[in-house]
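This briefing describes the pockets of one protein structure. Please look at the sequence and the model before reading the points below.

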Amino acid sequence: QVASHAGTTEIKLTGVTPGRYAGCVIHDINSNALLDRNFLGIPKEGVAISNGIRREKPTFEKALIEIKAGDTVVLPLKYW
């Protein structure tokens, strides 16, 4: 859990072994430890999933990315 602020919030993970990973970031605006959704199931909070998945249901295989030594991974949040 990382506190967010206006603009860009950066999270640095150290000691990550190169390999295949899938990641997800949620901006839990109201700090209830849930991804709040509207009556249609659309997220009411920001979501980012690795490999740029946006509108389809994410699976681990679809979200997989290859991380090499020294890589920087950017996961931009999407707000609907």
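The largest pocket has a volume of about 1,400 Å³. It is lined by 40 residues, and those closest to its centre are T9, E10, I11, V25 and L75. The model is a predicted one. The second largest pocket has a volume of about 310 Å³.

**Largest pocket**

- Two strands, β2 (24-27) and β4 (65-67), each supply at least two residues of the lining of the largest pocket.
- The element that gives the most to this lining is β2, with four residues.
- Sorted by class, the lining of the largest pocket holds 21 nonpolar residues, 14 polar residues and five charged residues.

**Second largest pocket**

- The lining of the second largest pocket is made up of 17 residues.
- Nearest the centre of the second largest pocket lie R37, P43, R54, P58 and W80.
- At least two lining residues come from β2 and at least two from β3 (46-49).
- Here β3 gives the most to the lining, with three residues.
- By class, the lining of the second largest pocket contains eleven nonpolar residues, one polar residue and five charged residues.

**Strand β2 in both linings**

- Which strand gives the most to the lining of the largest pocket? That strand is β2, with four residues.
- β2 also supplies at least two residues of the lining of the second largest pocket, where β3 gives the most.

Conventions: Residues numbered from 1 in each chain as written. Predicted model: local features only at pLDDT ≥ 70, side-chain atom pairs only at ≥ 80, totals over all residues. Heavy atoms only, no water. 1 Å grid on protein atoms, 1.4 Å probe; cavity = no way out; pocket = protein on both sides within 12 Å on 5 of 7 lines; lining within 4 Å. Points joined across faces, edges and corners; volume = space filled by probe spheres on them. Nonpolar A, V, L, I, M, F, W, Y, C, P; charged D, E, K, R; others polar.
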